[in-house]
Protein chains: 2
Amino acid sequence: MNQHTVKAYGDELNQLTAEVARMGGLAEAQVADAVESVARRDIALARAVVGRDVKLDIMHRDIEKKAIRLIALRQPVASDLRKALSAMKLSVDLERTGDLAKNIAKRALSLAETEPMQPLTRSIERMGRLVSLRLRDVLDAYTASEIDRALSVWQSDDEVDEHYNALFRELLTYMMGDPRTISACTHLLFMAKNLERIGDHATNIAETIHYEITGDDMVGERPRWTPTPSDTAPGMGQMPLPTPDL
Amino acid sequence: MNQHTVKAYGDELNQLTAEVARMGGLAEAQVADAVESVARRDIALARAVVGRDVKLDIMHRDIEKKAIRLIALRQPVASDLRKALSAMKLSVDLERTGDLAKNIAKRALSLAETEPMQPLTRSIERMGRLVSLRLRDVLDAYTASEIDRALSVWQSDDEVDEHYNALFRELLTYMMGDPRTISACTHLLFMAKNLERIGDHATNIAETIHYEITGDDMVGERPRWTPTPSDTAPGMGQMPLPTPDL
């Protein structure tokens with residue numbers, strides 16, 4: 001391999017990493033804007049999120065193609081191979097994150113047509129901010145190759161679950177209290193679920209960063225929220241509130 | 001490369017494909033059993049599904065490790081590289097499918113404690129059978145390398161969406177009619193959503209098979225259900241039924 005080939009190869013890998021970072025930036029913005037569009041009942045912003053999602057799909061395919069091409073033609077080994085494989089994995093998580101943000105924005109459009117439900121929307125907003133923060137932290141960890149920061153995102157997975165579970169209970173209580181809100185609350189229910197799943201993708205991303213840097217899988221079980229007896233105690237009416245995500 | 005190395009390499013690839021097929025068989029059984037456990041309110045079966053899920057997690061990690069090892073050490077090209085990359089991708093979809101089946105089974109356990117809701121459970125069962133069938137077809141396509149069969153699964157994606165949308169409306173109507181059923185219906189709502197997502201994974205698998213065999217991405221847009229005006233017409237009460245998945 002001559003000097004020129006070596007340089008081009010390193011460039012290709014760096015370019016791949018940069019594209020993933022850029023895709024991460026867009027996904028992060030999509031999530032933040034989707035949450036903002038719910039909080040502010042901002043139809044224009046929600047539409048912008050929906051319209052921009054196709055960019056993430058294109059970037060995902062592009063990164064995947066480039067990574068496969070690089071693996072096939074350059075046959076990288078060790079940490080270079082891990083970089084290429086991680087780029088593929090990360091682009092999948094970011095593409096799915098974008099889909100979930102788009103779905104939140106679409107639901108924001110539907111909700112904008114109904115009566116405002118202040119306390120519930122604010123809970124979604126809080127959960128959304130938390131999830132956005134996790135996504136930002138893990139993407140920072142990626143660009144800086146900071147394994148400790150990735151690890152701290154991975155370890156704080158249960159915070160999002162706790163938020164989700166509280167919000168789930170709040171929503172059920174609201175629906176039971178006023179059945180006319182059921183269809184609107186269903187949107188909020190799926191929004192909360194989507195945010196929880198975005199949190200899961202942030203955790204996946206943390207695991208991929210760990211693998212890329214160390215070559216090892218994360219050790220131990222991913223922290224998981226477990227319902228305590230008081231969480232599953234009957235809440236109201238004749239039926240106990242279900243444990244939300246089980 | 002001597003004869004022995006070539007043979008061992010071919011063996012490794014075949015073994016990888018066989019492991020994916022086996023993982024597919026388990027995932028398929030998990031989905032079918034999860035749906036069965038809902039239909040028959042079968043607590044033992046639901047528990048079995050929950051307990052077996054860890055096998056899919058182990059298989060997923062194992063396939064991923066073997067595929068990466070094969071790529072790193074054997075440096076396959078062309079269709080062999082696609083086979084290894086596809087194995088990685090398929091194992092992700094199958095692992096996620098398993099998670100969704102486990103979640104359905106856990107919800108079946110919660111539902112077994114509540115009053116039976118016959119018509120709704122039967123709708124879940126019908127949707128579950130349809131999704132199981134798609135999964136079986138696409139896994140048959142994988143083991144037989146039949147691109148036409150994979151394509152037909154890919155093209156019939158909207159059937160599942162139609163089922164989901166009908167079921168979603170049915171559930172909302174039920175909840176509005178009897179708010180005491182809200183928490184139980186929420187389980188059914190998420191079950192339906194999980195089945196829809198398993199259907200999406202079947203579609204992903206079809207795309208991966210297409211890529212593995214041809215080297216090309218699927219051409220054209222994946223078929224998507226679009227709400228017709230009558231679907232979004234106000235159903236009952238003061239609020240129109242939301243378009244379920246948007």
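Chain B and chain A bury about 4000 Å² between them, with 64% of that on carbon and sulfur atoms. Buried area here is the accessible area (1.4 Å probe) that two parts lose on being put together, summed over both. The model is predicted: local features need pLDDT of at least 70, side-chain atom pairs count only at pLDDT 80 or more, and totals for chains, interfaces and linings use all residues. Residues are numbered from 1 along each chain as its sequence is written, and side-chain values use heavy atoms, without hydrogens and water.

In contact (heavy atoms within 4.5 Å) are 45 residues of chain B and 45 residues of chain A. The interface has 2 salt bridges. A salt bridge is a side-chain nitrogen of Lys or Arg within 4 Å of a carboxyl oxygen of Asp or Glu. One of them joins A:Lys89 and B:Glu64 at 3.0 Å, N to O.

Helices are DSSP runs (H or I, at least four residues), numbered from the N terminus.

H7(B) gives the largest share, 11 residues. By class, this side of chain B has 24 nonpolar, 9 polar and 12 charged residues.

Within chain A, the axes of H6 (residues 157-177) and H7 (residues 182-214) come within 10 Å and cross at roughly 175 degrees. H6(A) and H7(A) are therefore roughly antiparallel, the term for angles over 145 degrees. Residues of H6(A) including A:Tyr164 and A:Phe168 meet residues of H7(A), among them A:Leu188 and A:Ala192.

Terms used. Chains are lettered from A and ligands numbered from 1 in the order in which they are written. Helices (H or I, at least four residues) and strands (E, at least two) are DSSP runs, numbered from the N terminus. Ala, Val, Leu, Ile, Met, Phe, Trp, Tyr, Cys and Pro count as nonpolar, Asp, Glu, Lys and Arg as charged, and the others, Gly among them, as polar. Axes are lines fitted to C-alpha atoms, for helices over the stretch in contact, and angles run from 0 to 180 degrees between N-to-C directions. Angles under 35 degrees count as roughly parallel, over 145 as roughly antiparallel, 65 to 115 as roughly perpendicular and the rest as oblique.
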